[in-house]
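Student: I would like a close look at one part of this structure, the sheet and what surrounds it. Please take me through it in one connected account.

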Amino acid sequence: MLSLRVLPARVARFLWAAHRHARREGDRFSLVSPVRPAELAELLALARGRTMVVELGTGTAWSAVALALDDRARRVISCDPCVRHEREAYLDLGGPAARRRIELRHEPDSAGSRQGDHPVELLFIDSSHEREPTVMAFRAWRAALAPGALVVFHDHGNPHYPGVCEAVADLELPGRESGGLFVWQAP
Ligand SMILES: C[S@@+](CC[C@H](N)C(=O)[O-])C[C@H]1O[C@@H](n2cnc3c(N)ncnc32)[C@H](O)[C@@H]1O
């Protein structure tokens with residue numbers, strides 16, 4: 001819980017409640033899969049001032065809720081073909097105002113944007129963690145990025161997910177690594 005100190009207060013309060021709920025319900029997936037607090041703090045810092053965010057890989061929506069809570073003007077689209085029913089409890093914990101700004105899409109990362117979507121200012125890739133699908137996901141969303149948008153890959157350099165590093169290498173993205181995240185900025 002001490003690790004939550006690196007986060008903005010609203011987000012830390014949500015994560016504290018989410019952890020408590022997950023432990024009580026024995027929701028092991030949510031205790032192990034979400035972005036860790038230090039990485040989340042980095043992600044939120046990168047997202048500052050960016051109101052249109054797309055996340056690939058909803059999981060149980062902890063990171064989607066955190067992104068929505070951190071900026072009251074932000075809209076978050078989050079895509080995952082696997083709908084985990086546990087996520088509803090965490091979306092409720094985030095409160096109705098954040099929930100209204102989160103759009104959950106039951107589709108894979110490779111689906112790309114829809115007609116009418118606003119240009120994406122930050123794309124957070126936390127989905128399959130596999131080489132080819134990650135390359136395909138990036139390519140599917142590339143055209144939807146606003147000028148200067150950031151693309152953030154989670155688990156870059158994590159030995160359990162070599163596919164993320166391999167995808168970044170295949171894409172030849174000249175970005176930088178920061179605490180488990182790889183960040184590339186669109187021109
Ligand atoms: C590590 S979890 C996401 C955690 C979440 N971002 C968070 O921090 O709370 C990875 C998620 O990616 C999803 N996933 C796997 N393959 C995917 C794909 N091709 N497209 C979108 N999501 C995918 C899985 O169903 C899983 O829910």
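Tutor: Start with strand E1, residues 52-56, which pairs with strand E2, residues 75-79, in the parallel sense over 5 bridges. Within that pairing, Glu55 stands opposite Ser78 of E2. The model is a predicted one, and this pair belongs to an open sheet of 7 strands in the order E3-E2-E1-E4-E5-E7-E6, with mixed pairing. Strand E3 (102-105) and strand E6 (176-178) stand at the edges; each has a single partner strand, so one side of each is left without a neighbour in the sheet. From one strand to the next, the twist averages 20°.

Helix H7 (residues 131-142) packs on this sheet and touches E1, strand E4 (120-125) and strand E5 (145-154). The direction of H7 makes about 170° with that of E4.

Setting aside neighbours within four places in sequence, Ile125 is in contact with Leu56, Thr134, Ala137, Phe138, Val151, Val152, Phe153 and His154. Ile125 also belongs to the largest nonpolar core, which has 51 residues; Val65, Ala66, Leu122, Leu123, Ile125 and Val152 touch the most other members. Helix H4 (residues 62-70) supplies the largest share of this core, 7 residues.

The ligand has 19 residues around it, of which Pro34, Gly57, Gly59, Ser63 and Ser127 come nearest. By type, the shell around the ligand divides into 9 nonpolar, 7 polar and 3 charged residues.

Technical notes: Residues numbered from 1 in each chain as written. Predicted model: local features only at pLDDT ≥ 70, side-chain atom pairs only at ≥ 80, totals over all residues. Core = buried A, V, L, I, M, F, W, Y, C linked by C-beta atoms within 7 Å. Buried ≥ 20, exposed ≤ 12 C-beta atoms within 10 Å, placed from the backbone. Helix = DSSP H or I, 4+ residues; strand = E, 2+ residues; numbered from the N terminus. Contact = placed C-beta atoms within 7 Å. Pairing = 2+ DSSP bridges. Axes fitted to C-alpha atoms, helices over the stretch in contact; angles between N-to-C directions. Near = placed C-beta within 6 Å. Nonpolar A, V, L, I, M, F, W, Y, C, P; charged D, E, K, R; others polar.
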